[in-house]
Amino acid sequence: MKVVVTGGAGFIGSALIRKIIAETNWQVLNLDKLTYAGNLESLTKISSSSLYQFSHLDIGDRQGVRTILESFNPDGVIHLAAESHVDRSIDGPGEFIQTNVVGTFSLLEECRHYWQNLKGEKKNNFRFHHVSTDEVYGTLGDEGLFEETTPYSPNSPYSASKASSDHLVRAWHHTYGLPVVTTNCSNNYGPYQFPEKLIPLVTLNALEGKPLPVYGAGKNIRDWLFVDDHATALMQVFTRGRLGETYNIGGKNEKRNIEVVEAICDIVDEIAPIKDLKRRSLITFVKDRAGHDLRYAIDCRKIERELGVKPKETFETGLRKTVLWYKEESNHWCKRVQDGRYQRERLGTKI
C-alpha cells in the first residue's frame, strides 16, 4: 500500500508514520509544511527507511499536491495537517482558517480529481481519512459523553475551523462520492509533543523547577489518549472503517487538569528530585483561557464494537512513559525543536 500522510512531521502524524514503518510494508510519503510544530527531528529513527519519503509542501499548494498525487500514485490519504493549539487560535485565528478550512478544501479537490481518474480496483480501494478532534462537539456538563451523532457546537477558533473541515469532508463524500472516513479524537499526549501543550509544558517546567501555570482553578476535564494508541486506531480505521462513517477515538481517562499537573509533579519528584523542593509547590493558578470548555469525554463504543480497537495504555502508565521520555530528551529533542519563537510563554491572551 502507498499512503500520503499530511502533517506527518507533527505530533500525531509522526507517531503514525513511525508505527506504519515499524509494523507494515506500506510506502509512506510525508507531506508537511514544517511550521513551528512540525519537526523532522521526530522522524529521524525512520528517515533512512526505503519505505519513507518526505515532501516539504503546503496542502494549500494545489499544483504541488497534484504533482505529488500523480507521481506517488497513492492508495489513500491520511489527512492530519492542521493548526491545532487553541491558545494560538485565540491570538491569531486567520492561520487556522487558512490551513484547516481552505487547506482542507484544496486537498479535497485535488484528491477528488485524482480519485476520479483512477481505474478498477485502484479506484475502488482508494480512501481519504480525515483526522479531527472532539472539540468540534463543544463542551459537556458533569455527565454525558460525545457520541458520533452529537451535534457540533465549537467554541474556539480552532474547534470552529476543524468543525468546518469535518463538514467539508462529509459534503465531498455525499456530493461527489469521494470515499472518506473521519475520526474525532480526545486529547493526545506522549513523546515528541511540542512543548506548548499542557503535559510537555508542565513536565519540562517541573524538571527545571519553574512555575507550573494552571488555568482557572484547574477543574476543566479532558479525556487523555496516549498517542501510540491513537496511531493504532487510525491505521485500523483507515484500512477497515466503513466509508462515510465517523469514529470517535478516546482514551477512557477523564482527568481534571489539576490532577494531571499533580501527577506529573509526583513523577518528577521521584525521578529527578531537587533538595527541599516539592514540585506541587510550583503550581501557579493563572487567569483562565477565554471560552475555556469545561469537559470533554468520548464515547468510543462504536470503534470498539466495529473494529475491536481499545486503548492499551492507562493514564498512569502512559504518563510515566511520557515524563521519562521528556526527562531523557529535555537537552536534545526539546531544545532543537524550540527555535526561539516560542519559549513556553503564555499564549491566548490577545483579546
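Accessible areas in this presentation come from the Shrake-Rupley method with a 1.4 Å probe, and for residues only the protein chains shown count as cover. On that basis, the chain exposes about 15000 Å², of which carbon and sulfur atoms supply 49%.

The model is predicted: local features need pLDDT of at least 70, side-chain atom pairs count only at pLDDT 80 or more, and totals for chains, interfaces and linings use all residues. Residues are numbered from 1 along each chain as its sequence is written, and side-chain values use heavy atoms, with hydrogens and water left out.

Let me turn to the chain as a whole. Its secondary structure comprises twelve helices and twelve strands; these are DSSP runs, helices being H or I with at least four residues and strands E with at least two, numbered from the N terminus. Of the 351 residues, 57% count as buried, where buried means under 20% relative accessible area, exposed over 50%, and partly exposed in between (1.4 Å probe, protein chains only). Contact means heavy atoms within 4.5 Å. Among contacts with a separation of 6 or more, 82% join residues 24 or more positions apart.

I now come to helix α6, residues 157-176. Its 20 residues reach 28 Å from the first C-alpha to the last, close to the 28 Å expected at 1.5 Å a residue; the expected span is 1.5 Å times one less than the number of residues. The buried residues of α6 include Tyr158, Leu168, Val169 and Trp172. What covers the buried residues of this helix includes α3 (86-91), α4 (93-116), β5 (127-133) and β6 (180-185). After α6 comes Gly177, with a positive phi near 80 degrees.

Next, Leu207, which is placed in helix α7 (residues 198-208). Leu207 is buried, with a relative accessible area of 18%. Leaving aside residues up to four places away in sequence, Leu207 touches Val268, Ala272, Ile274, Arg279, Tyr326 and Lys327.

Finally, two loop residues. Most residues other than glycine have a negative phi. Asn73, although not a glycine, has a positive phi of about 55 degrees. Asn73 sits in the loop between α2 (62-72) and β4 (76-79), and its 32% relative accessibility makes it partly exposed. Lys252, also not a glycine, has a positive phi of about 60 degrees. Lys252 lies in the loop between β10 (246-249) and β11 (254-256), and counts as exposed at 54% relative accessibility.
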